[in-house]
Amino acid sequence: MDRAHRDEVRDALVALFAGFGRRRLISMKARAERRQRIDGSLARYGLSLEDLGVEIFDGLSFDDANGFPSKGVRGCFTSHMTLMQECAASGKAMLVLEDDIDFDFNRITAFRRVVPDLQQAEWDMVILGYLYPPKSGKPRLERYEGGAIGGHFYGVTPAFARAVADYMESCTMRPPGDPDGGPMYRDGAFTMFRERQSELVTKLAIPSLGGQFSSRSDLTPKRYQRWPLVAPILDKMYEAKAWLRR
C-alpha cells in the first residue's frame with residue numbers, strides 16, 4: 001500500500017471520529033471475533049478502536065422477546081436506546097457503531113475531502129453507513145427525510161438523542177403493531193420518530209461510508225447457529241470470507 005494513501009486514510013478516519021465527543025461500539029462480550037476483525041482492518045492504517053477513542057458498550061441481552069420480533073431484536077433496540085440516554089445525559093454528540101461495521105476506507109477519504117469538518121454541517125442526526133437507501137454518486141452530505149436501514153454507523157446530537165430515547169421508551173410500553181409505534185426493530189423506531197419530528201435535521205453521507213460484514217446474526221439466529229460446536233466454525237468461515245474480500 002502506498003504510504004501517502006495510508007496516511008490520507010488515517011487522517012480522514014481520525015478527523016471523522018474526532019468530530020464526536022463520545023464514540024461507542026455496541027458489541028456483545030461473546031463476539032470478540034467481531035472486535036478483532038474491526039481492529040484488523042484499522043491496523044492496515046496504523047489505527048485501532050482504542051486509537052480512535054471508541055469505547056465498547058456491552059450489548060444487552062434478554063431471556064424473552066417481550067413483544068419484539070425476537071430476543072436479539074429486543075437487545076439491539078434496548079442497547080441503542082440506552083446509548084441515546086447516555087448521549088443526552090453527557091451533552092456531547094455521539095458516534096454509534098455496531099460491531100459488524102465494514103468501513104469503506106476509500107469512500108471515507110473521498111468524503112472528508114468534500115466535508116472536511118462534519119460539525120460545521122447542520123444536523124441532528126447524521127447517517128454515515130447504511131444498507132438503505134441505495135444512494136450513489138459523488139461524495140456529499142445532503143438532507144434526508146426518508147426511511148433508512150442499518151444502525152451500524154451514525155451520529156446524533158444530545159437533543160436528538162434525548163427525544164428519540166423518550167420515543168423508544170414509549171414504544172416498549174405499547175403493544176406490537178401499535179400505530180404510534182410498539183416493540184420493533186431499531187431501524188423502524190428511528191424512522192417513525194424522524195417522521196414525527198421533521199424539525200430535527202437528518203443528513204445522509206452519500207455514498208454509504210460503511211456496510212456490514214457477513215457474520216452470524218445475533219438478531220434472528222437460526223437454531224443451528226446457536227449450537228456450541230457450530231458457532232465457532234461459522235465464525236471462522238465468516239472471517240475467511242472477509243479476508244478474501246479484502
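**Before you start**

The model is predicted, so local features are described at pLDDT of at least 70 and side-chain atom pairs at pLDDT 80 or more, while totals for chains, interfaces and linings use all residues. Residues are numbered from 1 along each chain as its sequence is written, and side-chain values use heavy atoms, with hydrogens and water left out.

**The whole chain**

Begin with the protein chain coloured by secondary structure, where there are seven helices and nine strands; helices (H or I, at least four residues) and strands (E, at least two) are DSSP runs, numbered from the N terminus. Of the 246 residues in the chain, 50% are buried, where buried means under 20% relative accessible area, exposed over 50% and partly exposed in between, with a 1.4 Å probe and protein chains only. The chain exposes about 12000 Å², and carbon and sulfur atoms supply 51% of that area; accessible areas come from the Shrake-Rupley method with a 1.4 Å probe, and for residues only the protein chains shown count as cover. Among contacts in the chain with a separation of 6 or more, 77% are accounted for by residues 24 or more positions apart, a contact being heavy atoms within 4.5 Å.

**Helices α1 and α4**

Two packed helices are described by the angle between their axes and the distance between the axes. Select residues 3-18, helix α1, together with residues 105-114, helix α4: their axes come within 9 Å and cross at roughly 70°. Here axes are lines fitted to C-alpha atoms, for helices over the stretch in contact, and angles run from 0 to 180 degrees between N-to-C directions. α1 and α4 are therefore roughly perpendicular to each other, on a scale where angles under 35 degrees count as roughly parallel, over 145 as roughly antiparallel, 65 to 115 as roughly perpendicular and the rest as oblique. α1 passes α4 in a left-handed crossing, meaning that the near helix is turned anticlockwise from the far one by less than a right angle, whereas clockwise would be right-handed. To see the contact, show side chains including His5, Val9 and Leu16 of α1 and Phe105, Ile108 and Arg112 of α4. The residues of this contact divide into seven nonpolar, three polar and four charged, where Ala, Val, Leu, Ile, Met, Phe, Trp, Tyr, Cys and Pro count as nonpolar, Asp, Glu, Lys and Arg as charged, and the others, Gly among them, as polar.

**Helices α3 and α5**

Next select α3 (residues 71-90) and α5 (residues 158-171). These two helices pack at an angle of about 140° with their axes 8 Å apart, and α3 and α5 are therefore oblique to each other. The crossing of α3 past α5 is left-handed. Among the residues that meet are Phe77, Met81 and Met84 in α3 and Pro158, Val164 and Met168 in α5; by class, the contact has eleven nonpolar, two polar and two charged residues. On α3, pick out Ala89, which is exposed at a relative accessible area of 71%. A distance drawn from its C-alpha atom to that of Ala161, 72 residues apart along the chain, gives 9.2 Å.

**Helices α5 and α6**

The contact includes Phe160, Tyr167 and Met168 of α5 and Phe190, Met192 and Phe193 of α6, and its residues divide into nine nonpolar, no polar and three charged.

**Ile38 in α2**

Move to helix α2 (residues 32-43) and select Ile38, which is buried, with a relative accessible area of 1%. Leaving aside neighbours within four places in sequence, Ile38 is in contact with Leu25, Leu49, Glu98, Asp99, Ile101 and Phe103. Ile38 and Leu49 are eleven residues apart in sequence, and their C-alpha atoms are 7.7 Å apart.

Finish in the loops, starting with Asn66 between β2 (55-58) and α3, where phi is near 50°, a positive value in a residue other than glycine. Asn66 counts as partly exposed at 48% relative accessibility. In the loop between β5 (125-129) and β6 (140-143), select Pro133; the peptide bond from Tyr132 to Pro133 is cis, with omega near 15°. Pro207 lies in the loop between β8 (202-206) and β9 (210-212), and a cis peptide bond joins Ile206 and Pro207, with omega about -10°.
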